[in-house]
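Subject: Handing over a structure

Dear colleague,

I am passing on a structure that you have not worked with before, and I would be glad if you kept it open while reading the notes below it.

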Amino acid sequence: MARVQSEIGDTSQERTTAVVQGLLANAYLNMAIGQDDRSAGFKLLARKVYDNYQKNIGKMASNVARVGLPPFESLNRTVLNRLLDTQKPVLPYAARAMIRTQLGMSAETNTPPAAISSTNVPPATVTNAVENTLTNSPVE
């Protein structure tokens with residue numbers, strides 16, 4: 001808590017973004033282990049740090065455009081996407097499933113990424129009509 005308090009007074013955009021994202025990650029990690037009260041507390045603290053930073057730099061409109069943070073929901077979505085990523089998993093399946101369930105999200109799937117490059121497409125196969133077997137040679 002002392003660390004967060006020292007960061008609240010900081011006006012560094014990068015450090016404040018890191019603190020907010022860290023608090024959001026802790027909120028989701030606590031959600032995954034069933035600590036709903038702690039999860040809510042971390043999310044509330046992240047929001048307070050965010051709001052405090054925006055208030056401190058918002059005294060001049062030019063500061064908000066220059067050093068303002070991205071929208072809170074954008075930071076939240078970034079953290080959630082990172083934690084729920086199935087291609088480079090940060091959390092085990094059970095933790096990701098618990099977070100998805102708590103948030104009312106659909107279950108993750110094993111669907112491969114949408115983009116398929118031409119280098120990993122298997123060669124076309126042709127059925128030999130006489131023997132009804134697959135062959136890689138063209139039908140004559």
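Predicted model: local features only at pLDDT ≥ 70, side-chain atom pairs only at ≥ 80, totals over all residues.

Residues are numbered from 1 along each chain as its sequence is written, and side-chain values use heavy atoms, with hydrogens and water left out.

The protein has six helices and two strands (DSSP runs of H or I with at least four residues, and of E with at least two, numbered from the N terminus), and their order along the sequence is α-α-α-α-α-α-β-β. Of its 140 residues, 30% are buried, meaning under 20% relative accessible area with a 1.4 Å probe, protein chains only.

Helix α2 (residues 13–32) packs against helix α5 (residues 72–84) at an angle of about 55°, with the axes 9 Å apart; the axes are lines fitted to C-alpha atoms over the stretch in contact, and angles run from 0 to 180 degrees between N-to-C directions.

R96 lies in helix α6 (residues 93–102) and counts as buried because its relative accessibility is 7%. Leaving aside residues up to four places away in sequence, R96 touches L83, L84, D85, T86, P89, L91 and E108, where contact means heavy atoms within 4.5 Å.

Definitions and conventions:
Buried < 20%, exposed > 50% of the residue type's maximum accessible area, 1.4 Å probe, protein only.
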